[in-house]
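User: I'm new to this one. Can you walk me through it, starting wherever you like?
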Amino acid sequence: MGIIYGYLTVVVASCHIRAQCGLIFPSVVLTRYVYSVSQITIETPRGVSLSGTFTRPVDCRDAAVIFSHSFLSDRHASGMFDSLGRALRRAGYATLTFDYSGHGASGDEIITFDPLIEDFRSASGWLADQGFARQICVGHEFGAAVALRSRPPAVQTYVLVSPVLGPLSYDWNLVFSDVQLSDLEHHGVTTVPDDSESVRQQFTISKRTLADMSMVSGEKALRGLSVPVLITHDSFDEETGLLDRTRDVFHLLPDGSLVEMTAAPDGIAGEYTPVDGVPVIDEAVDRALAASGSAHLPVLTDVAAKWASRWVPVSR
C-alpha cells in the first residue's frame, strides 16, 4: 500500500493587488488531499483471481465507488475511469477499479456474462468487507449490463455511462478475420489481440460471447431494480443506437432515476459500440462532435459526482 499526496487548486472569488505593478489577480489556494493506494487481489468463488486498485482518501469512512468496465477493456476504460475516479475521490469517495477475469492483469477466462457477474459480486463483497457497505456503481457499456444483473446488496445507486440495454445487431464478418470465424465455428473459441496498453496480450471469446453481446436484455437487467439509476449518454450514442435502447426500457427505471446527455469524453471516437459491426467513420465522428459541442452539455465527471453526493452522501 502506498500513500499518495495530491493538491487540489481552488480559485477563490476575492482578489488581491500586487502593489508593485498595480495588477489584480485572483487568489489561488492549494488544498492538499491525501489518499492511500493499494494494489489488491480478489478471489472469486470459482478460484479465479481479480486484480484491482483500491484508493481511499484518508478521511473517507464507508462510501465507495466501484467501477465496471466493458467487454475487451480493463480497469482504466481508456482513461475514462481514471478521470472519473479522480473527481469522485476529490468529492470524498474511496474507489475500486478492477479488471474482470479474462481482462487486464486478472486471471484467464472466456469472456461471457456469467463469470463476469460473479466477478462483480466478488469485488463488491470485498469492498463491503473493508467497511464500505454504501456503494455507488459506475458501469460502462456492457459493464453496465453486468453490474445491473449482479445486483450486489451494497450498491445503493448506479451511474451507467453509455449502457447497452438492448440487443445490437453485428455483422461479425466485419469484426473478425476469416481465421477467427473459422476457430469459432470449429473449436467454439478464438482469441482477439489486446492492442491497448494493458499487460494482457489477448482476450479469449466464444460463441457465447457473441450471443451475450448481441442479445442484451434491458428488461432482464432492470426488472425489479429498486435503487435509483443515472444513465448518461453522449452524442455518439445517438449514432450507435445505444440511446434508442435506453428509450425502449425507460419505463422500467426505478423511481428517482434520470437520463442525462453529457459531452462526449475525450478520445471516445474509437471506444464506442458500433451498430451492425461497422467501424466509426469520419462523417459520424464529425456529426457527433458537432452535436456535442453545440449543445453546451455538462461534463461526465461533474454529473457523476453530483449524482453520487445526492444518493450516497459522504460521511466524514
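User: Which residues does isoleucine 136 touch, leaving out those up to four places away in sequence?
Analyst: This is a predicted model. In it, isoleucine 136 touches Ala64, Val65, Ile66, Tyr93, Thr157, Val159, Ala308 and Val312.
User: Where is isoleucine 136 placed?
Analyst: Isoleucine 136 sits in strand E6.
User: Buried or exposed?
Analyst: Isoleucine 136 is buried. Its relative accessible area is 1%, and the cut-off for buried is under 20%.
User: How far is isoleucine 136 from tryptophan 307?
Analyst: Their C-alpha atoms are separated by 9.6 Å. Along the chain, the two residues are 171 residues apart.
User: Let's switch to helices. How do H2 and H3 pack?
Analyst: Helix H2 covers residues 113–129 and helix H3 covers 142–150. Their axes are 9 Å apart, at an angle of about 65 degrees. H2 and H3 are therefore roughly perpendicular to each other.
User: Which residues make that contact?
Analyst: From H2 come Phe113, Asp114, Leu116, Ile117, Phe120 and Arg121. From H3 come Phe142, Ala145, Val146, Ala147, Arg149 and Ser150.
User: What is the split by class?
Analyst: Between H2 and H3, the contact has eight nonpolar residues, one polar and three charged.
User: What about H1 and H11, at what angle do they cross?
Analyst: Helix H1 (residues 80–90) and helix H11 (residues 300–311) cross at roughly 45 degrees. Their axes come within 9 Å. That angle makes H1 oblique to H11.
User: Left-handed or right-handed?
Analyst: The crossing of H1 and H11 is right-handed. On the H1 side, the contact uses Met80, Ser83, Leu84, Ala87 and Leu88. On the H11 side, Leu300, Thr301, Ala304, Ala305 and Ala308 take part.
User: And by class, how do the residues of the contact of H1 with H11 divide?
Analyst: Eight are nonpolar, two are polar and none is charged.
User: New topic. How many salt bridges are there?
Analyst: The count comes to nine.
User: What does arginine 46 meet in a salt bridge?
Analyst: Arginine 46 meets aspartate 119, at 3.0 Å from N to O. Arginine 46 is in the loop between strand E2 (23–43) and strand E3 (49–57), while aspartate 119 is in helix H2. The pair links distant parts of the chain, 73 residues apart.
User: Are those two buried or exposed?
Analyst: Arginine 46 is partly exposed, with a relative accessible area of 31%. Aspartate 119 counts as buried, at 0%.
User: Which residues are linked in a network of salt bridges?
Analyst: Arg46, Glu109, Glu118 and Asp119 are linked that way.
User: What partner does arginine 134 have in a salt bridge?
Analyst: Arginine 134 pairs with aspartate 62, with the closest N and O atoms 3.1 Å apart. Arginine 134 lies in strand E6 (residues 134–140) and aspartate 62 in the loop between E3 and strand E4 (63–68), so the pair ties together parts 72 residues apart in sequence. Arginine 134 is buried, at 16% relative accessible area. Aspartate 62 is partly exposed, at 24%.
User: Last one. How many residues apart are aspartate 212 and arginine 208?
Analyst: Four, which is about one turn of the helix. Both lie in helix H6 (residues 207–214). Aspartate 212 is buried, with a relative accessible area of 6%.

Definitions and conventions
Residues are numbered from 1 along each chain as its sequence is written. This is a predicted model: local features need pLDDT of at least 70, side-chain atom pairs count only at pLDDT 80 or more; totals for chains, interfaces and linings use all residues. Side-chain values use heavy atoms; hydrogens and water are left out. Axes are lines fitted to C-alpha atoms, for helices over the stretch in contact, and angles run from 0 to 180 degrees between N-to-C directions. Helices (H or I, at least four residues) and strands (E, at least two) are DSSP runs, numbered from the N terminus. Angles under 35 degrees count as roughly parallel, over 145 as roughly antiparallel, 65 to 115 as roughly perpendicular and the rest as oblique. Contact means heavy atoms within 4.5 Å. Ala, Val, Leu, Ile, Met, Phe, Trp, Tyr, Cys and Pro count as nonpolar, Asp, Glu, Lys and Arg as charged, and the others, Gly among them, as polar. A salt bridge is a side-chain nitrogen of Lys or Arg within 4 Å of a carboxyl oxygen of Asp or Glu. Buried means under 20% relative accessible area, exposed over 50%, partly exposed in between (1.4 Å probe, protein chains only). A crossing is left-handed if the near helix is turned anticlockwise from the far one by less than a right angle, and right-handed if clockwise.
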